[in-house]
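Please look over the sequence and the structure shown here before reading on.

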Amino acid sequence: MNRRVLVPRRPGPARLRRAGSRLATAVAGAAVLIGLVAPVATAAAATEDATDDPTVGVAAAPAQHGQPDGRSRFSLIVSAGQQVSDALLVRNTGSTDQTFDLYATDAYTTSDGAFALLDEGSAPRGAGTWVALQGGSGTTTLSLAAGDQALVPFVVTVPADATPGDHAGGIVVSVSSPVGEVSVDRRLATRLYVRVKGTVTPTLVVRSVSAAQPVGGNPFTAPTTITAVVANTGDVALTARAEASVHTWFGLPVGSSVSDEVAELLPGATRTLTFPLGSVGRVGYLTPSLRLTPTADAEAYAFTLPAVDGRGMVPAIPWLLLTVVVVVAAGLRVLLVARRRRAVTAGGAAPGAGAGAARATAGERR
């Protein structure tokens, strides 16, 4: 199962780590571990806040000539079969000597749109397998004194049969340290995009669009939410500008439209988007629609992509008003049936009375 790379958070106050309280220490350690799961950051330092104990921290960034070069991530434009070199600068920002583990792995998009990397226990199958760190493997270790830094070179070897488009991964720097009786693993990752040259097919699709209104409440209007499922079925990482709106009879717009930015979707990723539109009339039926304007990384691709549209159809029934109408109609039907029965009863008695009167008249004539 894919899981996100863990990004460290600061543990509890120093008193929770004192040897006199095992329970408090365990609670603090659990809190730290719970807070570790987060989307991968690009290059930020992770430190432990402690007043008396040594601190543990790490920073990492793409570098050239032994210094950070301003890049927030690696973006390599290569040909299939090509080999390229780059380097990651790792710095021990803590106050104690530390040994860091480094490894390369694959990236994926989470269900909420975050960029994440496989954990160390999951074997990469894509771009992570193309990276060779020191020693020629995908993993290495690095020991640094407090405040020291080191340049970690690596080589990316693209297979000859690599498909054109974006192959995403990352290089992770990990350091473990004890917090009371709990070992905390701090991980910092730098994104890696290997963009293989060739004919690409950037494709963003809208798989479904729906809208929902609550049953109760105002019989004439209701808060409405549009839900859409979008997918990157192409071979290029894409972001998008999304605009959600809703229409009804004869294509008339109802409610207000909502615009938002869609976070990057890697090739093969699927994401569910929600757009609250506010109050929309219960007008019988609604046609929710979503327009996506996708965008690729301008540094790697120069093309402009057309907008993609998706639409659906859902009922928008004024349930309370409909219930009242049904109740009134049922009452009127009961009254109408009772009136007809009375009319039939009265109509059946009238012919008998008339025949008796006729017989009486005939007798008088005789």
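## Basis of the model

This is a predicted model, in which local features need pLDDT of at least 70 and side-chain atom pairs count only at pLDDT 80 or more, while totals for chains, interfaces and linings use all residues. Residues are numbered from 1 along each chain as its sequence is written, and side-chain values use heavy atoms, with hydrogens and water left out.

## The chain as a whole

The secondary structure consists of two helices and 20 strands. Helices (H or I, at least four residues) and strands (E, at least two) are DSSP runs, numbered from the N terminus.

The chain has 366 residues, and 41% of them count as buried. Buried means under 20% relative accessible area, exposed means over 50%, and partly exposed lies in between (1.4 Å probe, protein chains only).

Contact means heavy atoms within 4.5 Å. Among the contacts in the chain with a separation of 6 or more, 73% are between residues 24 or more positions apart.

## A three-stranded sheet

Three strands make up an open sheet in the order S13-S14-S17, with antiparallel pairing. Strand S13 (204-212) and strand S17 (270-281) are the edge strands, each pairing on one side only. On average, neighbouring strands of this sheet are turned by 20° against each other, direction ignored. For such angles, axes are lines fitted to C-alpha atoms, for helices over the stretch in contact, and angles run from 0 to 180 degrees between N-to-C directions.

Two strands pair if DSSP finds at least two bridges between them. S13 and strand S14 (residues 221-232) run antiparallel and are joined by eight bridges. Leu204 has Asn232 in S14 as its bridge partner.

## A buried strand residue

Thr140 is part of strand S9 (residues 139-144). Thr140 counts as buried because its relative accessibility is 14%. Apart from neighbours within four places in sequence, Thr140 contacts Phe100, Asp101, Leu102, Leu133 and Gln134.

## Two loop residues with positive phi

His65 sits in the loop between strand S2 (57-64) and strand S3 (67-68). Although not a glycine, His65 has a positive phi of about 55°. His65 counts as exposed because its relative accessibility is 81%.

Phe250 belongs to the loop between strand S15 (238-247) and strand S16 (258-265). Phe250 is not a glycine, yet has a positive phi of about 60°. With a relative accessibility of 80%, Phe250 counts as exposed.
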